[in-house]
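Biologist: Hey, can you walk me through this model? I'd like to start with the rings.

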There are 2 protein chains.
Amino acid sequence: MPAVLKTLGAKAAADLDKDLMSDEGGYSIDQLMELAGLSVSQAIYKAHPPNSGKRILLACGPGNNGGDGLVAARHLYHLGYEPIVYYPRPVHKPIYDGLVKQLHGLHIKFDDRENFKAIAQDSDLIVDALFGFSFQPPVREPFDKAIEVMQSGVKPVLAVDTPSSWHVDDGPQDEGLGSKYQPDYLISLTAAKPNVKHYKGKRHFIGGRFLGKDVADKYGLSIPDYQGLDQIAEVPVDIKVEKL
Amino acid sequence: MPAVLKTLGAKAAADLDKDLMSDEGGYSIDQLMELAGLSVSQAIYKAHPPNSGKRILLACGPGNNGGDGLVAARHLYHLGYEPIVYYPRPVHKPIYDGLVKQLHGLHIKFDDRENFKAIAQDSDLIVDALFGFSFQPPVREPFDKAIEVMQSGVKPVLAVDTPSSWHVDDGPQDEGLGSKYQPDYLISLTAAKPNVKHYKGKRHFIGGRFLGKDVADKYGLSIPDYQGLDQIAEVPVDIKVEKL
């Protein structure tokens, strides 16, 4: 891992995804989301192994970030965890519907109670898969309450790609909802986002062991130093951050 | 791992795949093939780690078995190998076309020379992803030559799901093409096939860490004892085999 962490803003991150799924790139959303969710499950396994508590609450939003959470829930089950899925605003596209059916087939618990705090208190770790790099305020209900609970520190939190409610470049809001939100763990997907410079958690992982040299070069990224069969690499939390 | 290895015949294996991809099962072929190919790459990593020789020749047939090989080629690249893809009869469906584009994006070498022996001699390991459990004889050209070369022992071979040209129940043909074919390594996908009782290789892996208890019970399968983050589990090669 180089001494500087290169990051991708919202526009570049969206362009990179488009490149991967272009006619030339050849990826389907199913493939990319499968690998993203798998890498999320591996970050959880490293940061919070099963003997730290198996009840993982996956707070899933209505977009791709939520989809990554649904995939992660399935892999967590197979890794021996007991995932609980909070997914109060399901999106009825084939990929999301399919992921939900897969979870039902494993009898994974869905809990969409209004009282997110009560759901959180029944868990050992919360996975923040509400919003990703394309998030635009305001946070609509019921997700505002989930962010408040995650901010409260009632349980440790692992954020997927970017802490929900944070601006992709500027980090936490100056005031109001999520302004003091700091997850304990973070997994950046494909590349870190500029807001990582505001992240003060314990561990930072990068997922996306499918990025080729051409695409990395086009976006000025470095490919992380993946070890063995890992789909994730760990980055020092005190690394210097550079926006591309 | 139980003392008896339960296996699935061609009809049951096809039915299980149909269940997974049914409206109720919720899986897409993209997701299942991604996980299958990933597990193939992990079996290669265990059986033939990069320091045993990085040039992996993936012999890919025109069906799902070949698709698993194409996915594995991509993961092998990211694991530090130098995959070479033999794919002389490409099928122009979106998933296969997409997988090929992904490999082109990584500048992975395709070698479809007629002289499969020459291609094999330039490699350290051959992956037999020609035909899977639904294979029906005869083997058409140019795949017949590939099977002859794999049978010749010129290089070690890892077979994907079932050694090509073998009958899913009865194993190698009594005489003629492939009658003496014995791969060195085998990875069974989702479940072993009955022909595994004829397998005399060194190591046997099972992939498919997505099989839930309900589906396993319906088909009388046991879920392998996966370790850590592995997508594969190893099975003793001398285990008793039971056809369901």
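Biologist: Buried or exposed, A:Tyr81? And what about A:Tyr45?

Modeller: A:Tyr81 counts as buried because its relative accessibility is 3%. A:Tyr45 is at 23%, so that one counts as partly exposed. Buried means under 20% relative accessible area, exposed over 50%, partly exposed in between (1.4 Å probe, protein chains only).
Modeller: Another edge-to-face pair is A:Tyr86 and A:Phe116, 4.8 Å centre to centre with 75° between the planes. A:Tyr86 is in strand E3 of chain A and A:Phe116 in helix H5 (residues 116-121) of chain A, 30 residues apart. Both A:Tyr86 and A:Phe116 are buried.

Biologist: Which rings form a cluster?

Modeller: A:Phe131, A:Phe135 and A:Phe143, linked by ring pairs.

Biologist: Before I go on, what are the ground rules here?

Modeller: This is a predicted model, so to speak of local features we need pLDDT of at least 70, and side-chain atom pairs count only at pLDDT 80 or more, while totals for chains, interfaces and linings use all residues. Residues are numbered from 1 along each chain as its sequence is written, chains are lettered from A and ligands numbered from 1 in the order in which they are written, and side-chain values use heavy atoms, with hydrogens and water left out.

Biologist: OK, new topic. What order do the strands take in the chain A sheet?

Modeller: The order is E4-E3-E2-E5-E6-E7-E8-E9, in an open sheet of 8 strands with mixed pairing. At the edges are strand E4 (109-110) and strand E9 (232-235) of chain A, each pairing on one side only. Two strands pair if DSSP finds at least two bridges between them.

Biologist: How many bridges join E2 to E5 there?

Modeller: There are 5 between strand E2 (residues 55-60) and strand E5 (residues 125-129) of chain A, and the two run parallel. A:Ala59 stands opposite A:Asp128 in E5(A).

Biologist: And chain B, where does B:His48 lie?

Modeller: In the loop between H2 and strand E2 (55-60) of chain B. B:His48 is buried, because its relative accessible area is 6%.

Biologist: What is B:His48 in contact with?

Modeller: Leaving aside neighbours within four places in sequence, B:His48 is in contact (heavy atoms within 4.5 Å) with B:Gly53, B:Ile56, B:Tyr81, B:Asp124 and B:Leu125. B:Ile56 also stands opposite B:Pro83 in E3(B).

Biologist: How do E2(B) and E3(B) pair?

Modeller: In the parallel sense, over 5 bridges. Strand E3 (residues 82-86) of chain B is mostly covered, with 4 of its 5 residues buried.

Conventions
Rings of Phe, Tyr and Trp (its six-membered ring) pair if their centres lie within 6.5 Å; planes under 30 degrees apart count as stacked, over 60 as edge-to-face and the rest as tilted.
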